[in-house]
Amino acid sequence: MAKLSNAAKQRHLETGGQQCCPYCRRDADHIEYGDLTPVEDGHIEQDARCMRCGRRWRDIFTLTDVRSLSD
Ligand SMILES: [Zn+2]
């Protein structure tokens, strides 16, 4: 995977990762997302590829909240 600068990484995390490509900053309309894959340590990973700049990356998600759906 291509090197991602610390500033680009920070910006990607602050925007929730779904707003744009972390490399060329194109919006999500130009990003192809893979399946959400649960991994053993409790994270969920999702690979992504930007159609504009061709770079690929992996977003890693963690559980931040839980809401009841049974009320
Ligand atoms: Zn891009």
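T62 lies in the segment after β3. The model is predicted.

User: What separates the C-alpha atoms of T62 and G42?
Analyst: T62 follows β3 in the chain, while G42 sits in the turn of the hairpin formed by β1 and β2. The two residues are 20 residues apart along the chain, and the separation of their C-alpha atoms is 7.2 Å.

User: In what order do the strands of the open sheet lie?
Analyst: The sheet has 3 strands, with antiparallel pairing. Its edge strands, β1 (31–38) and β3 (56–61), each pair on one side only. From one strand to the next the twist averages 20°. The order is β1-β2-β3.

User: How many bridges join β1 to β2?
Analyst: These strands form a hairpin with 5 residues between them, and G42 in the turn has a positive phi of about 100°. Within the pairing, Y33 stands opposite A48 in β2. The strands run antiparallel, and the number of bridges is 6.

User: Which residue in the turn between β2 and β3 has a positive phi?
Analyst: Strand β2 covers residues 44–50 and pairs with β3 in the antiparallel sense over 6 bridges. The hairpin they form has 5 residues between its strands. The turn residue with a positive phi, about 80°, is G54.

User: Which residue is the bridge partner of R49 in β3?
Analyst: The pairing of β2 with β3 is antiparallel. Along it, D47 stands opposite R58 in β3. For R49, the bridge partner is R56.

User: Which element of the protein chain has the highest mean pLDDT?
Analyst: The protein chain averages a pLDDT of 90, and 96% of the residues score at least 70. Among the elements, helix α1 (residues 6–14) has the lowest mean, 92. The highest mean is 95, and the element is β2.

Notes:
Residues numbered from 1 in each chain as written. Predicted model: local features only at pLDDT ≥ 70, side-chain atom pairs only at ≥ 80, totals over all residues. Pairing = 2+ DSSP bridges. Helix = DSSP H or I, 4+ residues; strand = E, 2+ residues; numbered from the N terminus. Axes fitted to C-alpha atoms, helices over the stretch in contact; angles between N-to-C directions. pLDDT = per-residue confidence, 0-100.
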